[in-house]
Structure formats: C-alpha cells, structure tokens
Amino acid sequence: MNDKQLDKVRKGDFLLLPHYMKWVAVFPVLCGIVLFFFKEYQHFLNEEVATGMAGHLILLGFLFIIISRDKFPDERLLNLRHKAMAYAFMYGMILVIVTPFLNFLLSSLFRSGSQLDFMDYGMLSIFLFQIMYLINYWRFKQEL
Amino acid sequence: MKNTIHVQRAIHKMTQADLSEAIGVSRQTINSIEKNRYVPSTVLALKIARTFKVSVEELFELEEQD
C-alpha cells in the first residue's frame, strides 16, 4: 500500500462510493419493490425467479446506500458510521443465532399465507442487518 | 470533557458555519462538539485551536469523571 492508500485506511473512508450513488441506489430498490409486488402481472420471468431477483435488487440498492459517502463526510460521521456498523453486526450475530427459533415461530404464525417465503433466511438476515445499520446510523446522526 | 469553543467563537465573532468552513467539517460536527456530545480527534482539536490562535488546553479541559 502506498501512503495515499494508507491515509485512506487510517481515516476510515476507504471503499466508499461517491455521494450521488445514494440517489442512483434508489433505482434498484424501487425496481425490486415494484417487481416484488407486481410479479404476477409480468410475463418475462417465472414468479420464483422474479421474487429472488426483487430481493437481490433491494439488497443491492441498500448496499449502495450504505457504502455511499455522506454529502459532507467528516470524522464525526465516519465515527458514527463505524458505531452503527458495530451495532448492526452485534444485532446481526444475535439474529443468526436466533434464526432457527424465529423460523419455527414465523412459520407457525404465518403458515396460511406463507408470505415469508419470498426470501430465504440468508437474504432476510442481510436485509435486517442493512436496515439495522441504516436505522442506527440515522439515530446516531440525530443524537450524537 | 468541557470546552470553550462557543466562547472563542463569540470572541472572534464567528458562527458555527464559519468555524466549520475554516476547519473543513460540517456545522453539525461543531454543534456536537460544543454540546459535549462528540470528542474531536487530536487533529481536529489542533485545527480548532489554530483557528482561534489559542492552545488546545485553553479550549478543552478534562472533568472529574474523565
């Protein structure tokens, strides 16, 4: 690594995309949501592939939102970003541990509609991890 | 940790926006520092001190619980 790369790692803003990517990322999220809710009305993909693709589009969009820089990035926001990441990681770990129990509980609660089959639990865990990160980051920005 | 940034700003007739522009951070960061919600890095503390032409010790002071 050269000095410039080391400096980026030290400041913690490596691997972040430009700010405008936050707005670009809204597009796959919206496409994913539209595809998920209107999958019955399209004839290009079968329903199973459409739901999987919708889930992946939403996850991809959220990932871009998460790893995009803020409008005015500074050390406080990077600090908060790391804190939110740590919180989301802890919640994510807990979620992975309780998933077998959650699976049993949810399947017995929603058996009739089977609405929760739209994502496998791996995708659901990642989705919740992303949501937890975004909520925590937003909360920290308001409070700290 | 206590700080006297708002006092120094008043002396130098600077707004939070002016100070944030001078040291290259957001106005919210200055607000958080003044309200003791965020402790700045050494680099940022030195930049603020240099802007007001005072020492870091004059700006920041440790409290009993620190």
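Trainee: Which side chain makes a polar contact with the side chain of Asn3(B)?

Mentor: For a polar contact, look for a pair of N or O atoms within 3.5 Å. In this predicted model, the side chain of Asn3(B) has such a contact with the side chain of Asn36(B), at 3.1 Å. A polar atom of the Asn3(B) side chain also lies 2.8 Å from the backbone oxygen of Ile33(B).

Trainee: Is Asn3(B) buried or exposed?

Mentor: Buried means under 20% relative accessible area. Asn3(B) has 10% relative accessibility, so Asn3(B) counts as buried. Leaving out residues up to four places away in sequence, Asn3(B) touches Ile33(B), Glu34(B), Asn36(B), Leu59(B) and Phe60(B).

Trainee: Where in chain B is Asn3(B) found?

Mentor: Asn3(B) is in strand 1 of chain B, residues 2-3. For residues 5-59 of chain B, an unreviewed UniProt entry lists "domain: HTH cro/C1-type". Those residues are 69% helix and 0% strand, and their end C-alpha atoms are 6 Å apart.

Trainee: Now the helices, please. At what angle do helix 3 and helix 4 of chain A pack?

Mentor: Angles over 145 degrees count as roughly antiparallel. Helix 3 (residues 26-37) and helix 4 (residues 47-66) of chain A pack at about 155°, their axes 7 Å apart. Therefore helix 3 of chain A is roughly antiparallel to helix 4 of chain A. The crossing of these two helices is left-handed.

Trainee: Which residues meet there?

Mentor: From helix 3 of chain A, they include Val29(A), Ile33(A) and Phe36(A); from helix 4 of chain A, they include Met53(A), Leu57(A) and Phe62(A).

Definitions and conventions:
Residues are numbered from 1 along each chain as its sequence is written. Chains are lettered from A and ligands numbered from 1 in the order in which they are written. This is a predicted model: local features need pLDDT of at least 70, side-chain atom pairs count only at pLDDT 80 or more; totals for chains, interfaces and linings use all residues. Side-chain values use heavy atoms; hydrogens and water are left out. Helices (H or I, at least four residues) and strands (E, at least two) are DSSP runs, numbered from the N terminus. Buried means under 20% relative accessible area, exposed over 50%, partly exposed in between (1.4 Å probe, protein chains only). A polar contact is a pair of N or O atoms within 3.5 Å; within protein, one must be able to donate a hydrogen and the other to accept it, and residues adjacent in sequence count only if both atoms are side-chain atoms. Contact means heavy atoms within 4.5 Å. UniProt positions are given in the numbering used here, feature names are shortened, and annotations may be inferred rather than shown by experiment. Axes are lines fitted to C-alpha atoms, for helices over the stretch in contact, and angles run from 0 to 180 degrees between N-to-C directions. Angles under 35 degrees count as roughly parallel, over 145 as roughly antiparallel, 65 to 115 as roughly perpendicular and the rest as oblique. A crossing is left-handed if the near helix is turned anticlockwise from the far one by less than a right angle, and right-handed if clockwise.
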